[in-house]
Amino acid sequence: MRIDRAAIEMVLSREFWRMAIIWPLTLVYCYARLNLAALFRRRPLPRQHFRRCLVPDSAGGDFKRPICIITGATSGLGSAAARALAGEGYNVVLVGRSAESLHKTIQEIKLEHGDAQLKAFQVDLSSLQSIMKFETSFKQWLLDSDLHPSVQLLINNAGILATSARLTADGFDQMIQTNYISAVVLTSILLPLIKNSTSPSRIVNVTSFTHRCASNLKLDCKKFSHMAISKKYPFASIYEYSKLCLLLFSYELHRQLHAENPSSKVSVIPVDPGVVQTNILREVPPCLSQLAFRVLSFLHLLQSPEVGVSSIIDAALAPSNVSGEYFFGGKGRRMGSSSLSYNAKVSAELWLNTSIIQEQINLLRSPIS
Ligand SMILES: NC(=O)c1ccc[n+]([C@@H]2O[C@H](COP(=O)([O-])OP(=O)(O)OC[C@H]3O[C@@H](n4cnc5c(N)ncnc54)[C@H](OP(=O)(O)O)[C@@H]3O)[C@@H](O)[C@H]2O)c1
């Protein structure tokens with residue numbers, strides 16, 4: 001195991017110890033709560049089986065597979081979710097930033113599920129322009145493929161743990177834009193298609209137990225960025241904050257959809273996969289990420305993507321009346337998230353701040369259309 005200068009610098013940072021001590025303790029707390037709750041628990045939530053569950057096409061005669069869009073589908077949890085949902089009979093739309101990884105993932109899924117229906121779109125989720133282009137090409141694909149203009153399942157899974165400060169072309173912190181803003185933008189763009197589904201439809205947002213550690217981070221709420229040029233980038237805190245924002249957004253969207261229409265068939269479910277051995281630590285020096293995975297594995301806290309994905313699949317396949325509940329731990333289990341994540345005032349404020357993103361989208365829309 002090579003220990004280099006970057007690793008030494010990281011070990012000397014406050015953020016490293018936040019990740020190395022506070023995150024595992026938080027995870028242990030979550031499992032302790034889950035196991036305590038199990039003592040008094042009712043039976044686990046049954047999955048609703050969409051296996052080969054088909055949606056009528058626009059003409060109402062023929063039947064099609066439900067459409068599921070997964071972001072970050074080329075690695076870790078996203079690729080495991082794409083494989084599992086292809087097996088459940090979904091027409092899976094894989095969103096990823098690398099054409100090569102998309103091609104490879106599709107080949108791998110086809111080896112396992114020969115009859116899988118898969119479509120790949122190359123999208124950089126840290127660019128509003130790229131997401132807007134996706135909107136146009138996705139709608140065109142639905143049209144060209146003679147598919148009903150609707151989406152049954154959107155899984156906002158893509159995410160990064162960026163260890164250095166980077167600003168995107170849109171002027172946001174890259175981690176906040178990838179983990180949170182892209183999910184908000186994609187959801188708002190696709191919401192009309194999600195609402196247009198003839199069967200119940202769903203948005204699943206992949207958050208993290210680390211949201212529980214988020215405190216009042218002093219970010220410029222207008223730009224979600226003020227730290228982005230500072231040398232001491234509080235990466236662990238910004239990651240936690242991005243996951244808390246996604247959780248607040250999930251509950252607020254759930255509230256708004258169901259207040260607008262109490263019999264809404266659109267559900268919103270935030271999901272926490274626990275700790276999973278994926279490429280999420282790719283920016284952490286290899287000697288430290290390998291050590292972290294070894295320690296987590298020794299403590300029986302580390303899961304493979306195939307096991308870790310179960311809370312995402314549980315959320316995707318849960319009965320249609322389940323919405324606004326936090327899935328954690330697999331086996332259909334749910335628990336409460338942090339008290340801050342349920343604060344309606346904080347989420348309403350965040351919702352307002354997010355309107356600045358809408359303004360940027362409106363500016364981008366005109367040249368594209
Ligand atoms: N692993 C864990 O322990 C854990 C725990 C809690 C929550 N999560 C969350 O789970 C989600 C999936 O992460 P993972 O663990 O599976 O990590 P991963 O293996 O690194 O996968 C992340 C995926 O997101 C994609 N992505 C990143 N930036 C993108 C961008 N700008 N545009 C398009 N796609 C982009 C990556 O594409 P490339 O392959 O092209 O980079 C990759 O497919 C994340 O939201 C993460 O925060 C993970």
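**Helix packing and cores in a predicted model**

In this predicted model, helix H3 (residues 76–87) packs against helix H10 (residues 310–317) at an angle of about 45 degrees, and their axes are 10 Å apart. H3 is therefore oblique to H10. Angles under 35 degrees count as roughly parallel, over 145 as roughly antiparallel, 65 to 115 as roughly perpendicular, and the rest as oblique. Axes are lines fitted to C-alpha atoms, for helices over the stretch in contact, and angles run from 0 to 180 degrees between N-to-C directions. Helices (H or I, at least four residues) and strands (E, at least two) are DSSP runs, numbered from the N terminus. H3 passes H10 in a right-handed crossing. A crossing is right-handed if the near helix is turned clockwise from the far one by less than a right angle, and left-handed if anticlockwise. On the H3 side, Leu77, Ala81, Ala84 and Leu85 meet Ile312, Ile313, Ala316 and Leu317 of H10. Contact means heavy atoms within 4.5 Å.

Local features need pLDDT of at least 70 and side-chain atom pairs pLDDT 80 or more, while totals for chains, interfaces and linings use all residues. Residues are numbered from 1 along each chain as its sequence is written, and side-chain values use heavy atoms, without hydrogens or water.

Alanine 80 also belongs to helix H3. Its relative accessibility is 4%, so alanine 80 counts as buried. Buried means under 20% relative accessible area, exposed over 50%, and partly exposed in between (1.4 Å probe, protein chains only). Alanine 80 touches Pro305 and Val309, leaving aside residues up to four places away in sequence. Serine 304 is 224 residues from alanine 80 along the chain, yet their C-alpha atoms are separated by 9.8 Å.

Helix H5 (residues 128–144) and helix H6 (residues 174–195) cross at roughly 30 degrees, and their axes come within 11 Å. H5 is therefore roughly parallel to H6. The crossing of H5 past H6 is right-handed. Residues of H5 in this contact include Leu128, Ile131, Phe134 and Phe138; their partners in H6 include Ile181, Val185, Leu190 and Leu193.

Phenylalanine 138 also features in the largest nonpolar core, which has 80 residues. Those with the most contacts inside this core are Ile69, Phe138, Met175, Tyr180 and Leu190. Helix H7 (residues 235–260) supplies the largest share, 14 residues. Another core, of 33 residues, lies apart from it and includes Ile155, Ile312, Ala318 and Phe327. A nonpolar core is a set of buried Ala, Val, Leu, Ile, Met, Phe, Trp, Tyr and Cys residues joined through side-chain atoms within 4.5 Å. Phenylalanine 138 touches Ile67, Ile69, Val93, Phe121, Val151, Leu190 and Leu193, not counting residues up to four places away in sequence.

The protein chain as a whole has 11 helices and 12 strands. Of its 369 residues, 55% are buried. Among contacts between residues at least 6 apart in sequence, 77% join residues at least 24 apart.

Two loop residues were also examined. Most residues other than glycine have a negative phi. Histidine 300 is not a glycine, but has a positive phi of about 60 degrees. It sits in the loop between helix H8 (286–298) and strand S10 (302–303). Histidine 300 counts as exposed because its relative accessibility is 73%. Lysine 331, also not a glycine, has a positive phi of about 55 degrees. Lysine 331 lies between strand S11 (326–328) and strand S12 (334–335), in a loop. At 63% relative accessibility, lysine 331 counts as exposed.
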